[in-house]
Structure formats: structure tokens, C-alpha cells
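Dear colleague,

I am handing over the structure below, and I would be grateful if you could look through it before reading on. My notes on what was found follow directly after it.

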Amino acid sequence: MANQNPSSIPISNPETIQTDQTTGFSAKVIVQKVKTNLVLRSKWAELNGAIGDLGTYIPIILSLTLSKNLNLGTTLIFTGIYNILTGAIYGVPMPVQPMKSIAAEALKDASFGVPEIMAAGILTGGVLVVLGVTRLMQLVYTLIPLSVVRGIQLAQGLSFAFTAVKYMRKTQDLPKSKALGDRNWLGLDGLVLAIVCLCFIVIVNGDKDDDGCEKRVEEDGRNRSRVSRAKSVVFSLPSAFIVFVLGVVLAFVRRPEMVHEIKFGPSSMEVVKLSKHAWKKGFVKGTIPQLPLSILNSVIGVCKLSKDLFPEKDFSATSLSVSVGLMNLVGSWFGAMPCCHGAGGLAGQYKFGGRSGGCVAILGGAKLVLGLVLGSSLAHILRQFPVGILGVLLLFAGIELATCCRDINSKQDSFVMLICTAVSLVGSSAALGFLCGMIVYLLLRLSNWTSDKLFPNMGP
């Protein structure tokens, strides 16, 4: 069936159209490639996939808007443009997410305001552009072993899942990133609502893979029974999109008077004034902790995951590094939240059916329209959006990212991966987990090399 929600990593899709790499860079070829990259494989599935990234995007952006007066309208406009451009360039659901380390620092430090956030984004973007242009990022990508990358991805996936469960179980004060207490069972943002949404997505998406879905659809076509047709309809529902629309409706039901608070028109856009103090604090407290996460998760992790999901596509760490860098070298000057690509966002969009660049182009178009029409007044709606539903969306994105590690099948690689994951989770630092994982990996390689030299004739 054309409009189903395939969900599993990482089966290659032979139907994806590929462009000829040797035809040059004429305008006609570029236009044709962009059209190919934006072609929707399935309208409902791609629309559903576009929602898969919002479980991380909305909480972070809303928290900074309410606590730091981040310009929501400008952020929506720029991230919308980024979504459209990356979809056209890469031809896959390449996500655009807020930089999490910078956001975390801003939420916990009252003196880390918008100027510091933007300075951190500009500096991080500059470093990533340099690493990309000099091809040092490609060298790093080549040298880092798969087991370490999988460890970082597993840690990020589990971290998303833990946060998702917290969103579902506890009421949240998003601007302060604090849990306020157990969530009520009933209500418009109750635990029952979250559980029902969770069960609905499990029933529709489940753990089925592409081949399993196609086989089931073929059987349904042959049987042509009412039961099989009903199953086909159920399995083709855009589950994440339906759940998200439900959340928007409930937001208005929870506080109908906010209709009068909405003002039409874009937010005012101006260049952010950055002092020497903002540059210094932004670099020390924002750029330094963000760089390892951007390199590992936004570039290396996304590059590895993209090749897993779309082996017929050609991705390079150089291109992704420059892409992330340029986004921040442009948008951060005007007050748009510093952004990056993210393996979790890619996994979430793939989980819910995203297969082409058109998936994120749809999301980008929606952001652009909302940013131009509603601007920062959209925060009134997002503030009432049920956090439990965001937790459900985030849970599936985290689980899908964590399942990437299933291709690690040797005991030695599994050991390295789990060391990396454990340290990343306990230390709350992907950089520390990466360092420990690399040390363990090199020690094991040294041990193997020493054993081969000292005991060359001994079997395993």
C-alpha cells in the first residue's frame, strides 16, 4: 500500500530515485535533482513522518521562548527555511533540531540570555564550517569505530526515552525543566490520554518493517475481505499526525480564551547585539560543551544513520558539517535558535514514515507559514499543548534511535558500545562517553595485536 507508515531501521529502499552523479552541475540538472529529492513516496506517510521530530523540537523551543524571551517567530521562519533547503539538498528527512547543550545551559543559568545563546551558536557554526571545509570532519568520521558511534546513539536514544516517560508520568514546568509531581490519571493532559495515544501509535505502527508491511498489503489485496481491508486502513493511518492534531485541539479546549491573545503577523526581526561578555560566556559555557555533541550526534551520528537507512544515497561528513555550520552562521545573528541535525530526529521521522526530502519540506513549509502568520503568539497555543502527547512522540523517536545498535553482533564491539553508553548516560556527557569508548576500543585492539604477536599459532 502506498500510504502506510513503515517504521523500522534500516532496510534500503530500491525504489528511491537516484540522480546521475556524472551529469555535471547545470541548472537543469540541479532543478531535476531538487524535484527528485522532494518527491513524496506517500503523502500520508511523509506527512506523518514530518511530525516525528516535534517531540524534541517543541519542548526546547517553547521553554526558551517562555524563560529567555527567544524570538519564536524568527526561529520558526529560519528553521522552516533550513528544513526546506536540507530536504531539497539531501533528499531524505534530514532533521533540524535546537542545539541541546546550549539550550540546557540557557535553562539552568539565569545570566545566559539570548545574546549568549546566539554567540554560542555563531561560534559553534564557525568551527563546524572550518572542520568541514578542511575535510577534517571526514577524517574524524573515517577514524571513529562503528561501535563507539552506536554507543553514542544508544545513549541518546535511551536519554530521549527516559525524558519521554518523565513527560508522560509527571506534570512539567518546561521553562524551568522541572517535574512538578505525578500527572493526574484523568484530564485533558492526563496519564490516560498519554496511554491511549501510545497504544494507538503502537497498534498502527507497531514494530513492522517495510517488507512485512508490503507482504501484508499484498495478502490483503488478494483476500479482498472486509477484515483485511479494515486492517489495511488501520495500518495506513498517519498515527503521529492524528495524535498531534488531537493535541492542538485539546490546547484550545483547555484554554479557549487564548484565541483572543493570538496576534497575526510575523515577529519583528532585528540583528542581535553581541557584547564582548556575550562572546566570551557564549564560547565558554555554550560552544565548548556543544561542539562534542554536534560533532558526534549531528554530523558523525547522522552520517552513519543516514547510510544505514538510505544506503543508496551518498552522504559525507564534510557536507553535513558545513550544512550545520552555515545554518548557525546565518540565523543566529537574527535571533533564531542555534540548530543542528540530529540522529534522534532522523530516527523519529523515519519511524513514522518519512522517506524523502519532501517530508521535512512539508514541516519547513508549515513552520514558515506559522512564523509569518502567527509569529511569537504561537507560544500561547504551544503552552497549552498536552506535554504527555509530546512524551509519546519523543518515546518512539528515542526507541527507534536506540535500535540502531542491533547491527553490533560481536562481544568485543558490544562491550565497547555499552561502556560508551553507560558513561554517556551516567555522566550526562556524550564527549565523556566517546572518550571512554575510544580508550576501551584502543586497549582491546592493542590487546588483540599483542596476543597475535606473542602467540601467533594459537587459535581463538
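I begin with a pair of strands: strand E2 (residues 170–173) and strand E3 run antiparallel and are joined by four bridges, where strands count as paired if DSSP finds at least two bridges between them. This is a predicted model, in which local features need pLDDT of at least 70 and side-chain atom pairs count only at pLDDT 80 or more, while totals for chains, interfaces and linings use all residues. Residues are numbered from 1 along each chain as its sequence is written, and side-chain values use heavy atoms, with hydrogens and water left out.

Within this pairing, Gln172 has Ala179 of E3 as its bridge partner. The hairpin of E2 and E3 has four residues between the strands, and Ser177 takes a positive phi near 55° there. Strand E3 (residues 178–182) lies largely in the open, because the number of buried residues among its five is zero; buried here means under 20% relative accessible area, exposed over 50%, and partly exposed in between, with a 1.4 Å probe and protein chains only.

As for the protein as a whole, its secondary structure comes to 20 helices and four strands, where helices (H or I, at least four residues) and strands (E, at least two) are DSSP runs numbered from the N terminus. Of its 460 residues, 53% count as buried. Among contacts (heavy atoms within 4.5 Å) between residues at least 6 apart in sequence, 85% join residues at least 24 apart.

Turning to charged pairs, the count comes to 10 salt bridges, each being a side-chain nitrogen of Lys or Arg within 4 Å of a carboxyl oxygen of Asp or Glu. In the bridge of Lys281 with Asp109, the closest N and O atoms are 3.5 Å apart. Lys281 lies in helix H13 and Asp109 in the loop between helix H5 (100–108) and helix H6 (114–133), so this pair ties together parts that are 172 residues apart in sequence. Lys285 also forms a salt bridge with Asp109, with the closest N and O atoms 3.2 Å apart. Lys281 and Asp109 are both buried, whereas Lys285, at 35% relative accessibility, counts as partly exposed.

A further salt bridge joins Asp407 to Arg150, the closest N and O atoms being 2.9 Å apart. This pair links distant parts of the chain, 257 residues apart, with Asp407 in the loop between helix H18 (387–402) and helix H19 (411–427) and Arg150 in helix H8 (residues 146–169). Arg150 is buried, with a relative accessible area of 1%, while Asp407 is partly exposed at 34%.

With best regards
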